[in-house]
Number of protein chains: 2
Amino acid sequence: MAKIKRIKFEKKVYEYLKPFHITGSIASSSTNIEIIMETGEGIIGYGEASPSFRVNGEKVEALMAMENFINEMLTDMDTNRYKSIFDVTDKLIASPSLKAGLQFCVVSIFCMEHGIKVNDFFGGVKEYIETDKTIGIDSVQNRIKEAEEIMKSGFYHIKVKVGENLADDIETMLRIADRTRGATYIVDANMGYTPKAALEFVNQIYRAGIEIAVFEQPVFYQDIDGLRFVRFHSPFPVAADESAKSRYDVFRLIKSEAVDFVNIKLMKSGISDTLAIIEMARSAGIRLMIGCMGESSVGISQSALLALGTGAFDFHDLDSHLMLREERFRGQFVQEGPIIRVL
Amino acid sequence: MAKIKRIKFEKKVYEYLKPFHITGSIASSSTNIEIIMETGEGIIGYGEASPSFRVNGEKVEALMAMENFINEMLTDMDTNRYKSIFDVTDKLIASPSLKAGLQFCVVSIFCMEHGIKVNDFFGGVKEYIETDKTIGIDSVQNRIKEAEEIMKSGFYHIKVKVGENLADDIETMLRIADRTRGATYIVDANMGYTPKAALEFVNQIYRAGIEIAVFEQPVFYQDIDGLRFVRFHSPFPVAADESAKSRYDVFRLIKSEAVDFVNIKLMKSGISDTLAIIEMARSAGIRLMIGCMGESSVGISQSALLALGTGAFDFHDLDSHLMLREERFRGQFVQEGPIIRVL
């Protein structure tokens, strides 16, 4: 028995080491909400919400203004009955990042009370995972340089952002591949292409003998038919990200046979829907990767522990904390280059 | 850290208070396997497998002969990494009841080590659930008498077995309904009807103004098209039972839009697939009930704690222990008539 007594929101601003440019968005900082949940017994759970207006329609100001409502919603609920709290927080359909941080606080308190490691709560499957590192949109020249630096620093999974200029994107990929032999590429168009442009992109890459491990969200998130079209014509696996927020989104994607992969993010789905998507994907033979928004090490911790515990992901794109300026590292995991290890 | 040291199988025979007759089968006893799992630290978890040849193709002798193999498979595995053990035991595709009992032992050890109630491990959602009681196939007269007795003993959810004689079944239902006003009916044909006979049955019941809460497995388990046909023409919700064993079965049923309900049984799916089916069903808007094979109070405990914890079921058909002669009640729950309550 651990009843929730008080929940506090704290706004935190983190600067990007370098402005982060993806299709349709350039960010110089990430504004997150740190959630502090306290029980009557004085157990404190920490969580982080990293809202995304672009993906979820969330605004930090609006989420901050929900602090009282959230306290009314959850005060006196028993964290041992964690699925009841999941059910209540599942109603936060317009603020999924808040749902994620709150649900993580609950899991974290449950684990503290019972002396369980959070990764064991999720199943204890993996001892370590390997994250990629991401190259934002930039000049062809700068992107190649960054790819080389990433590989030199020990990362072999490289995520490349594309989607604003097809010719540049193709040239970038061909030249990056030439300079980073042996690397694995995840390419993310963030909805920037039409279905036909997406096929032109993958076909050019394929003809050059280069392999893409996952091709993320080539088209507009509501264009499920377009996604399906690309999926069935692309030589590389196609993933939904912006199209795959809730468990219901993923159910429809699977039913429509629209994707090979889903990129799960706690900030889109919370923990409850993430666990559901994991089960559905395995049942349907769909593969998974896990990604992030602009989380600090506090928020990446949430995804890292879930990914370690469930062991459900082929690829891990958990690098936002590596792109942000933080006073000190606060993750509940060990980072050694691309390797994220159980503490 | 709790490493599995030894797993023991014990064969147990339980007599039915009255021979249990369903479509294509009459049983006078239930032969189960009690599983005793011990860790190096001396923690002992108990589980029960209640094999079904009719549903799963399992034979007790064959399962008993797997004791050494199971010890080789699981010895030295750490119960804190429970999902790794789920993954390994998921390979027991021809002995799902064994998988269920083994997975329950693991969950039970995990909970003992950390001082968690098993129902809290599963989410802690419900304080109590209500089970039905089942009337086997018998003469019309005897079935009516049994229905009256069941209701007199405090059960309001009555499960009626049909499927061997359409005219008798219709007469039975009409007369039972007349004598047990206010009861809720679950009707189970155990694959006994053709699709058209199934419709004839429900239409006659519907015309008489009687309601059926769930109509289980009207047709042969491989006849998914037939199931879908009945589902779309029946005025009452249609459930899969024999057609819905693994998570993969349920995925295909959902994709084919073949059912309104799934009857989950641990003995068909184990804990791992049960949790997956729960997540899929909710994502797809399918409803759930939970049933049993011939479990004693030890095995019913497994399903009861999962049902209490997840809170995922509209109906509970957890009554086999009430139909068997047991030396003493060994469930980890409180039974008060139809109510199964957290200990």
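**Exercise 1. Determine how much of chain A is buried, and judge its overall form.**

*Solution.* Step 1. Of the 343 residues in chain A, 55% are buried. The model examined here is predicted.

Step 1. The pLDDT of chain A averages 97, and 100% of its residues score at least 70. For the model, ipTM is 0.87 and pTM is 0.93.

Step 2. Dimensions follow. The C-alpha trace of chain A spans about 60 × 40 × 35 Å along its principal axes. A compact globule of 343 residues would have a radius of gyration near 20 Å; chain A has 20 Å, so the value agrees with that expectation.

Step 3. Contacts complete the description. Among the contacts in chain A with a separation of 6 or more, 73% are between residues 24 or more positions apart.

**Exercise 2. Describe the secondary structure of chain A and the order of strands in its eight-stranded sheet.**

*Solution.* Step 1. Chain A contains 14 helices and 14 strands.

Step 1. Eight strands of chain A make up an open sheet with parallel pairing, in the order S5-S6-S7-S8-S9-S10-S11-S12. At its edges are strand S5 (133–135) and strand S12 (315–316) of chain A, each of which pairs on one side only.

**Exercise 3. Identify the neighbours of strand S7 of chain A, and decide whether this strand is mostly covered or uncovered.**

*Solution.* Step 1. Strand S6 (residues 157–161) of chain A is parallel to S7(A) and joined to it by five bridges. Within this pairing, A:His157 has A:Thr184 of S7(A) as its bridge partner.

Step 1. Strand S7 (residues 184–188) of chain A is also joined to strand S8 (residues 214–216) of chain A, by three bridges, and these two strands run parallel. Here A:Ile186 has A:Val214 in S8(A) as its bridge partner.

Step 2. Burial is then considered. Four of the five residues of S7(A) are buried, and the strand is mostly covered.

**Exercise 4. Examine strand S7 of chain B and explain why it is described as largely enclosed.**

*Solution.* Step 1. A residue counts as buried if 20 or more other C-beta atoms lie within 10 Å of its own. In strand S7 (residues 184–188) of chain B, four of the five residues are buried, so the rest of the structure largely encloses this strand.

Step 1. The pairing is then read. Five bridges connect S7(B) with strand S6 (residues 157–161) of chain B, and the two run parallel. B:Asp188 in S7(B) stands opposite B:Lys161.

**Exercise 5. Characterise the contact between the two chains, including the elements and residue classes on the side of chain A.**

*Solution.* Step 1. Chain A gives 25 residues to the contact, and chain B gives 25 residues.

Step 1. On the side of chain A that touches chain B, the elements giving two or more residues are helix H4 (82–89), helix H11 (247–255) and helix H12 (266–284) of chain A. The largest share, seven residues, comes from H12(A).

Step 2. By class, the residues on this side of chain A are nine nonpolar, nine polar and seven charged.

Step 3. Of the interface residues of chain A, 100% are also interface residues in chain B, so the copies meet through the same surface.

Terms used:
Residues are numbered from 1 along each chain as its sequence is written. Chains are lettered from A and ligands numbered from 1 in the order in which they are written. This is a predicted model: local features need pLDDT of at least 70, side-chain atom pairs count only at pLDDT 80 or more; totals for chains, interfaces and linings use all residues. Two residues are in contact if their C-beta atoms, placed from the backbone, lie within 7 Å. Two strands pair if DSSP finds at least two bridges between them. Ala, Val, Leu, Ile, Met, Phe, Trp, Tyr, Cys and Pro count as nonpolar, Asp, Glu, Lys and Arg as charged, and the others, Gly among them, as polar. pLDDT is the predictor's confidence in each residue, from 0 to 100. The radius of gyration is taken over C-alpha atoms; the globule rule is 2.2 Å times the number of residues to the power 0.38. A residue is buried if 20 or more other C-beta atoms lie within 10 Å of its own, exposed if 12 or fewer, and partly exposed in between; C-beta atoms are placed from the backbone.
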